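User: I have a two-chain model to look at and would like to talk it through with you. Could you put it up first?

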Amino acid sequence: MSTQTSAAIALTPGATAAPAPGAPGVAHLKLDNGMEIVVIPDPRTPVVTHMVWYKNGSADDPLGKSGIAHFLEHLMFKGTKENPQGAFSNLVAELGGQENAFTGYDYTAYFQRIGKEHLATLMRFEADRMTNLLLNDDVVGPEREVVLEERRMRVDNDPSAQLDETLQAVLFAHHPYGTPIIGWNHEIEELSREDALAYYTRFYTPENAILIVAGDVDAQTVKALAAQTYGKIPARAQAPTRRRPQEPPPRAERLVTLTDEKVEQPSHERIFVVPSYTTAAPGEAEALDVLAHILGGGPASVLYETLVGEEKLAVAVGAYYMGTALDDTRFYIFATPADGVELKDLDIALDRVLDKFVGAQLNEEDLQRAKTRMIADAVYARDSQVSLARWYGESLATGLGVADVTDWPDRIDAVTDASVIGAARKWLDKKRSVTGFLLPKETADA
Amino acid sequence: MTAHNTLATPKSRAENVQRIVTPEGVEAWLVESYAVPLVALEFSVRGGAAQDPDGKEGLATLLAGLLDEGAGSLDSRAFHRAVEDLAVHIGFGAERDSLSGHLQTLSRNVDQAFALFKLTLNDARFDADAIDRVRGQLAAGIKRDANDPDAMVAKAFREAAFPGHPYSRAARGELETLERLTRSDLETMRGRLFARENLKIAVVGAIDAATLTARLDEAFGGWSLRGDLAPVSDIAVHDIGARKIVDLDVPQSTMRFGRPGVAKKDSDYFAAVVVNHILGGGVFTARLFNEVREKRGLAYSVYSQLHEFDHCPMLVGGAATKNERAGETLDVLEEQCRLLSTDGPSLDELEKAKKFLTGSYALRFDTSTKIAGQLVNIQRDGLEPSYLDERNAKIDAVTLEDARRAARRLLGDGKVLVAVAGRPQGIS
């Protein structure tokens, strides 16, 4: 033990400033075949985070093939000619790495965390499965069962998840955001090896991929390693285009009620369709972000102080703006009623608080408090290379640029009281929303 | 400076840990680092939900929930606004054997953040409306999980595994026990738990030892030295081989299974860690993953892990599979336990497991809060900072013979206590 403070080993962050949104050092490069590269330096630890993001998600599933993006994500672990099933995972494990993958509405991503000296090896294997995936029915069949079990676990066992799935389906009458990422059960059952390969061939191309590396590595080294691996994959001339049916203007407020004998704690949720960081007019997404924080970002928020603190109609309430999305997105308000409070009374109270909010001047203290927290959270994110890598990945995969992430704190700081109230008036219009009630069976029957 | 540092051969981690003892006698481990302008503190006091008096289950959880609901001159609303104005993170939680706390702040707000933290640790108000509110939140959580398969199997498992023991009870209480808890119960519990002899602290970030020493004395120096913990007896998992079925009308059966484990102080502990990794700890490489998920498509999630309560080491695991194939899944689980027990792992499995376990140790130290959490855990286990450098050697030293012996001890005849929620077929 000593008082040495700056050796750059895993336990001890070094003296060099870490990168962050707002800080220089994040590099954005491109390979000749069109693959994008983002390098986020983090000299504190000898660990790297290596991610490949594909700019396609469940919203790009062909009609009638819901769940194919997610199913393919599972099948991507089934091996290639050079690296048969299990070889990649066994190698990652042997090198002391961790790996996983995830599918969203707008992207699919694969990642590993590992000692930095193994970065080139990871790239070789990840580049191999970008184009050389081998699938046969012997592996596709059991994996389809695994996905159906995943759906049973996430949805069929849980009434609140079933309500949530229904709310999304009602909120989006036309856009594929209304279809669950994992897919509808009856369509998952029919997904075939051929469906998976067709989808793979269409989307798993260098032009459609983003490499993100965070760790103690410099941009030119990453680019050189990437050129020797990902760079060998021939370009397909252009990136696949994403053409999704867009939502018509919403005209009617909707209420969805799910009753189930397994429900003992009722809950309330309201979701609005609003612009995303990608589709919003300048400054509008930032205003929605700040609005969500002021309304429902914790116990010092307007909804919490009113409905939980003063009126005691709810035990919990919150709001969340899902700002990262390629198309128009969702703004959530959710509440848990206090014992004995009817959901319809909580719903009326929520309307009343929102009406009062949009009809009044925004309290300057509330605005400043929200900005302070949000800007600070960007600093807290610098403590985790995985958080930073995900932030850049999600942003770039939904059509934003590196500057949109690095400048985000400044743009939050520029949000005005008028723009917050304006965003609330314009977008928290009940016609743009669907409200969900989760209720016990006996209450509904009464 | 960094070129020769690799995951395989890290330089000493321990030498970067400063041990601080304040004038008031508060001890903490500090890793000083200025790479990010943040400070993270984690602490743990021994004695959590297992210390709840009979009939007052949920008390430790309620106490943890009320510490940041108003303190000193600040009522709940004023306190939460102060937390937001500083953009500080303060949180508390009760586990079975401990109550833990967390502080994270921008380094420029360190003094004010510690001032708020001090209030929560010494002057939480326990106002009546705050007690009612947090009690209502806990009750809503209990009702939300009343028919949740994971919560149901957790309850059925602990009631069968630990009959009559504090571990059999609900850590966050039951609706009727929450109703009984009073302000005076909270004050008594705080007095019993918040004692320096029970306290372990770790701090990571942009703060020097002198500054931290002063802040720690302000925050913790007023605590009494001695607490008042009720003795908790040691217990091994009961009812091995039993099946506890909780009827629930869902298409999938959720299972939780377990057997007695190996204590951290046991000479076979690291061999048991290796064996568990081979059985069900390795996410994509474990035998359970391959046999249950990969080959048969029986489940999305299947795993095992070593879990050490202070008074009960366990091997536990879980799986979720459609009702029609629940019996088949349980058969495969127990067969895999039995095979690993009788035949032991192969040399190849042993070597690969050791490579993963040693190589991935660095991944536990890549954020300030994770480092602080690791340092608190090491202190709770009664170990020195040198453990940071010795741990991988202990894994490396596990021989095939050690692993075979540990597998026999850990897995015995392969039978497990299992709790199942759903309408499982083929299990009775």
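Analyst: What follows is a walk through the chains, their contact and a few local details.

User: Before we start, what sort of model is it, and how are things numbered?

Analyst: It is a predicted model, in which local features need pLDDT of at least 70 and side-chain atom pairs count only at pLDDT 80 or more, while totals for chains, interfaces and linings use all residues. Residues are numbered from 1 along each chain as its sequence is written, and chains are lettered from A and ligands numbered from 1 in the order in which they are written.

User: Ok, chain A: how many helices and strands?

Analyst: Chain A has 17 helices and eleven strands, where helices (H or I, at least four residues) and strands (E, at least two) are DSSP runs numbered from the N terminus. Its C-alpha trace spans about 65 × 55 × 50 Å along the principal axes.

User: And what radius of gyration does chain A have against a compact globule?

Analyst: A compact globule of 446 residues would have a radius of gyration near 22 Å, and the 23 Å of chain A agrees with that; the radius is taken over C-alpha atoms, and the globule rule is 2.2 Å times the number of residues to the power 0.38. Of those 446 residues, 54% count as buried, meaning that 20 or more other C-beta atoms lie within 10 Å of the residue's own, whereas 12 or fewer make a residue exposed and anything in between partly exposed, with C-beta atoms placed from the backbone.

User: Now chain B, what are the numbers there?

Analyst: Chain B has 15 helices and eleven strands, and its C-alpha trace spans about 60 × 60 × 35 Å along its principal axes. Buried residues make up 54% of the chain, and among contacts in chain B between residues at least 6 apart in sequence, 83% join residues at least 24 apart; two residues are in contact if their C-beta atoms, placed from the backbone, lie within 7 Å.

User: How many residues of each chain are in contact with the other?

Analyst: There are 72 residues of chain B in contact with 68 residues of chain A. On the chain B side, the elements that each supply at least two residues include strand S1 (18–21), helix H2 (76–86) and helix H13 (368–380), and H4(B) gives the most, with seven residues. By class, that side divides into 31 nonpolar, 22 polar and 19 charged residues, with Ala, Val, Leu, Ile, Met, Phe, Trp, Tyr, Cys and Pro counted as nonpolar, Asp, Glu, Lys and Arg as charged, and the others, Gly among them, as polar.

User: Switching to packing inside chain B, at what angle do H1 and H7 cross?

Analyst: The axes of helix H1 (residues 59–66) and helix H7 (residues 183–193) of chain B come within 10 Å and cross at roughly 90 degrees; axes are lines fitted to C-alpha atoms, for helices over the stretch in contact, and angles run from 0 to 180 degrees between N-to-C directions. The residues that meet include B:Leu59 and B:Leu63 in H1(B), and B:Leu186 and B:Met189 in H7(B). That contact has seven nonpolar, no polar and two charged residues.

User: What about H9 in chain B, buried or exposed?

Analyst: Twelve of the 13 residues of H9(B) are buried, so this helix is largely enclosed by the rest of the structure; B:Phe270, B:Asn276 and B:His277 are among them. The end C-alpha atoms of helix H9 (residues 269–281) of chain B are only 15 Å apart, short of the 18 Å that a straight helix would reach at 1.5 Å a residue, the expected span being 1.5 Å times one less than the number of residues.

User: Which residues other than glycine have a positive phi near 55 degrees?

Analyst: A:Lys312 is one of them, with phi near 55 degrees, and B:Ala87 also has phi near 55 degrees. A:Lys312 is found in the loop between helix H10 (302–310) and strand S9 (314–321) of chain A and is partly exposed, with 15 other C-beta atoms within 10 Å. B:Ala87 sits in the loop between H2 and strand S4 (89–94) of chain B and is buried, with 21 other C-beta atoms within 10 Å.

User: Last one: where is B:Ser73?

Analyst: B:Ser73 lies in the loop between H1 and H2 of chain B and is exposed, with 10 other C-beta atoms within 10 Å. The C-alpha atoms of B:Ser73 and B:Asp123 are separated by 8.9 Å, though the two are 50 residues apart along the chain.
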